[in-house]
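Please open the structure in your viewer and keep the selection panel at hand. The stops below say what to select next and what is to be found there.

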Amino acid sequence: MAKILQNLASSFLILSIVLSFLIIANAKPQRFTKYLSPATLGLKKEKLSHLHFYFHDIVSGKNPTAVRIARADMTNTSSTGFGMVAMIDDPLTMTPELSSKLVGRAQGIYASASQNDIGLLMTMNFVFMEGKFNGSTLSVLGRNSVFSTMREMPIVGGSGLFRFARGYAQASTHTFDRTTGDAVVEYNVYVFHY
């Protein structure tokens, strides 16, 4: 009888070990991340697009598109306006004239972020309202040294047809009215997207 019990115990031990290995082998590990093929999200071949438009920053008049929403105590005495924060909803048009075809809006915030020169932190979305990119957005986050001839800001993402977007925006001042502070800026945007 002792030999039967010993054989049963050995068989039970072996069966338990085998079942434990089977359970562990079939268990799905819980992961925080996993690699995906772009095709699993329906993404096709990546494209490079060039967009060209004019940005109208209107700070004067009855209907400004850029309004100051905050400032530091030192902003008014700073030679660079350091600490000023403005909210924008600026029109984007096909040509430099405000009356030309509206293709979208630049919505976001810019802030005077430099104590040594006029350098703005730009955090904005280009919201497109025309053509095949209607309803899509591009997100810009970067430094705009407004008195430089050509400025470059990164495109850090997007939505709609610009999902997974990356690229850069080049800005150059077309006109600046020193009396009103209004500006028209030409943008060339180069963006990779699916």
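Begin by selecting Ile109, which is found in strand E4, residues 102-112. The model is a predicted one, and in it Ile109 counts as partly exposed, because its relative accessibility is 32%, a value that falls between the 20% limit for buried and the 50% limit for exposed.

Next, zoom out to the whole protein and colour it by secondary structure. The protein has 1 helix and 9 strands, and along the sequence these follow the pattern α-β-β-β-β-β-β-β-β-β. Of its 194 residues, 33% are buried, while the protein as a whole exposes about 12600 Å², with carbon and sulfur atoms supplying 60% of that area. If you display contacts with a separation of 6 or more, 49% of them are accounted for by residues 24 or more positions apart.

For the strand pairing, select E1 (residues 47-57) together with E9 (residues 183-193), which pair in the antiparallel sense over 11 bridges. Within this pairing, Ser49 has Val191 of E9 as its bridge partner.

Now show the aromatic side chains. A search of the whole structure finds 11 aromatic pairs. One of them is formed by Phe53 and Tyr187, whose ring centres are 5.8 Å apart and whose planes meet at 20 degrees, so the pair is stacked. This pair links distant parts of the chain, since Phe53 belongs to strand E1 and Tyr187 to strand E9, 134 residues apart. Are these two residues buried or exposed? Both Phe53 and Tyr187 are buried.

Move on to Phe147 and Phe176, an aromatic pair with an edge-to-face arrangement, in which the centres are 6.3 Å apart and the planes stand at 85 degrees. Phe147 lies in the loop between strand E6 (137-144) and E7, and Phe176 lies in strand E8, so the pair ties together parts that are 29 residues apart in sequence. Phe147 is exposed, with a relative accessible area of 56%, whereas Phe176, at 40% relative accessibility, counts as partly exposed. To finish with the rings, select Phe53, Phe55, Phe126, Phe128, Phe133, Phe162 and Tyr187, which ring pairs link into a cluster.

From there, go to Phe164, in the loop between strand E7 (151-159) and strand E8 (166-176). Most residues other than glycine have a negative phi. Phe164, although not a glycine, has a positive phi of about 65 degrees, and with a relative accessible area of 48% Phe164 is partly exposed.

The last stop is Thr75, placed in the loop between strand E2 (66-70) and E3. Thr75 counts as buried because its relative accessibility is 5%. Which residues is Thr75 in contact with, leaving aside its neighbours within four places in sequence? They are Arg68, Gly81, Phe82, Gly83 and Met84. Finally, draw a distance from the C-alpha of Thr75 to that of Val85: the two residues are 10 apart in sequence and 9.9 Å apart in space.

How values were computed. Residues are numbered from 1 along each chain as its sequence is written. This is a predicted model: local features need pLDDT of at least 70, side-chain atom pairs count only at pLDDT 80 or more; totals for chains, interfaces and linings use all residues. Side-chain values use heavy atoms; hydrogens and water are left out. Two strands pair if DSSP finds at least two bridges between them. Helices (H or I, at least four residues) and strands (E, at least two) are DSSP runs, numbered from the N terminus. Buried means under 20% relative accessible area, exposed over 50%, partly exposed in between (1.4 Å probe, protein chains only). Rings of Phe, Tyr and Trp (its six-membered ring) pair if their centres lie within 6.5 Å; planes under 30 degrees apart count as stacked, over 60 as edge-to-face and the rest as tilted. Contact means heavy atoms within 4.5 Å. Accessible areas come from the Shrake-Rupley method with a 1.4 Å probe; for residues, only the protein chains shown count as cover.
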